[in-house]
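Dear colleague,

Please find the structure below, together with its sequence. My notes on what was found in it follow directly after.

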Amino acid sequence: MIRKTVIVFLGLFGLLLLSPVRVVEPVNAWGFFGHKRINRMACFTLPPEMFGFYKRHIDFISDHAVDPDRRRYAVEGEAERHYIDIDHYAKGGEDPFALVPRRWEDAVAKFTEDTLKAYGIVPWHIQVMFGRLVSAFQRGDVDRILTNSADIGHYVGDAHVPLHTTENYNGQLTNQYGIHAFWESRIPELSAENYDHLVGRAVYVERPLDVAWDAVHASHLLLDSVLGIEKRLSMTYPEDRKYVFEDRGRGGMRMYSRDFTKAYEDAMLGMVEQRMNASISTLGNVWYSAWVVAGQPDLDRFEQKDVSDSLKAVFKAEQEMWDENRKGYGRDHE
Ligand SMILES: [Zn+2]
């Protein structure tokens with residue numbers, strides 16, 4: 001099930017494949033911009049009892065927002081946690097959300113675990129991560145509070161992206177290849193400086209599983225616009241106005257032009273900003289609710305000001321593995 005790995009690399013792969021110029025090492029962090037910002041901004045939704053702790057670790061929580069994408073090389077079963085191809089379940093035009101049970105056990109009974117994993121499990125994985133975060137709070141395990149907070153932010157962010165809810169996740173079925181990175185990376189990169197992320201204070205949510213499903217559902221309802229507007233605009237933009245070449249690393253990459261990006265975003269009426277804000281808001285709610293369920297432990301009592309040395313060693317090993325696997329770009333997906 002490696003084909004889905006395309007999704008998780010937001011900016012990199014789609015553009016790499018689009019490019020007629022072979023780019024060996026296009027890698028920098030810009031493709032992860034959105035995830036990092038979501039995790040960072042969610043800290044500001046928290047109540048004072050939590051804010052001190054999260055603020056102290058805000059760089060960690062932001063920097064590690066992209067770990068789940070990196071881990072997909074090393075961890076069996078990671079890839080399917082980032083999406084759900086909900087339209088797979090409704091080929092006849094039915095409402096897929098009426099067909100797929102929200103509870104994992106019910107969905108397994110209806111479709112089998114193998115099928116669910118083959119088409120993605122993001123809403124259920126958010127629920128699993130919620131449980132882990134609650135337990136980390138209860139144990140007072142600073143390492144795990146931070147890593148679980150960062151990780152769950154990634155999956156919450158993914159659940160808010162319309163293209164994470166469809167088999168046509170990169171426009172490959174509608175001749176719109178590359179739209180994934182365009183939507184998730186190129187647009188935030190060009191526009192996020194103008195975004196307003198004041199989303200208000202986190203609130204308690206009773207059922208994180210429903211919150212995750214509601215996010216996926218709202219994302220999926222936007223899919224027609226995401227694809228349809230790109231299609232429509234492309235008809236009025238000749239190729240040389242739709243794309244530009246930008247120097248990224250060692251070679252030119254074909255990118256969507258600023259003109260086209262702006263026209264697309266205008267036509268979508270701020271959808272990317274809204275989905276980003278919805279991610280921030282949901283993430284704050286999820287963190288806050290996990291802390292409440294854990295019994296509202298006093299986070300200021302933790303003397304551990306940084307993650308442990310053993311966790312740092314794990315990150316170092318993961319980084320090395322990622323660097324090693326990165327050499328396989330363009331070969332190990334699809
Ligand atoms: Zn992801």
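In these notes a residue is called buried if 20 or more other C-beta atoms lie within 10 Å of its own, exposed if 12 or fewer do, and partly exposed in between, with C-beta atoms placed from the backbone. By that scale E78 is partly exposed, because it has 17 C-beta neighbours inside 10 Å.

The model is a predicted one: local features need pLDDT of at least 70, side-chain atom pairs count only at pLDDT 80 or more, and totals for chains, interfaces and linings use all residues. Residues are numbered from 1 along each chain as its sequence is written.

Confidence

The protein chain has a mean pLDDT (the predictor's confidence in each residue, from 0 to 100) of 86, and 87% of its residues reach 70 or more. Over residues 1-31 the pLDDT is below 50, although this stretch has 82 contacts in the model beyond near neighbours in sequence. Contact here means that the C-beta atoms of two residues, placed from the backbone, lie within 7 Å. Residues 329-334 also have pLDDT below 50, with ten contacts beyond near neighbours in sequence. Where pLDDT is low, the predicted coordinates should not be read in detail.

Overall organisation

The protein chain comprises 18 helices and two strands; these are DSSP runs numbered from the N terminus, helices being H or I of at least four residues and strands E of at least two. Of its 334 residues, 42% count as buried. Among contacts with a separation of 6 or more, 77% join residues 24 or more positions apart.

The core

A nonpolar core is taken as a set of buried Ala, Val, Leu, Ile, Met, Phe, Trp, Tyr and Cys residues joined through C-beta atoms within 7 Å. The largest one has 68 residues, and those with the most contacts inside it are V122, I126, I152, A159, V216, V286 and W287. Helix α17 (residues 271-293) supplies the largest share of this core, namely ten residues. Leaving aside residues up to four places away in sequence, V286 touches F130, I152, V156, P208 and V211. In soluble globular proteins, nonpolar side chains tend to be buried together.

Helix α3 (residues 33-42) is largely enclosed by the rest of the structure, because eight of its ten residues are buried. These are G34, H35, K36, R37, I38, N39, M41 and A42. They pack against α5 (58-63), α11 (142-159), α12 (179-191) and α17.

Helix α14 (residues 223-236) has 14 residues, which at 1.5 Å a residue should span 20 Å; its end C-alpha atoms are 21 Å apart, in agreement. The expected span is 1.5 Å times one less than the number of residues. The buried residues of α14 are V226, L227 and E230. Seen down the axis of α14, they fall within an arc of 85°, so they line one face of the helix; the arc is that of the directions from the helix axis to the C-beta atoms. An α-helix has 3.6 residues a turn, so residues three or four places apart point the same way. Turned away from the buried side of α14 is a face with the exposed residues D224, G228, R232, M235 and T236. The buried residues of α14 pack against α12 and α16 (258-267).

Individual positions

V161 is in the loop between α11 and α12 and counts as buried, with 28 C-beta neighbours inside 10 Å. Residues up to four places away in sequence aside, V161 touches E184, S219 and R275. V161 and A215 are 54 residues apart in sequence, with 8.7 Å from C-alpha to C-alpha.

N175 is also found in the loop between α11 and α12, but counts as exposed, with 8 C-beta neighbours inside 10 Å. Its phi is near 60°, a positive value in a residue other than glycine.

Q296 has a phi near 50°, likewise positive in a residue other than glycine. Q296 lies in the loop between α17 and α18 (309-326) and is partly exposed, with 13 other C-beta atoms within 10 Å.

To return to E78, this residue is found in the loop between α6 (67-71) and α7 (96-99). E78 touches P68, R71 and R72, not counting residues up to four places away in sequence.

With kind regards
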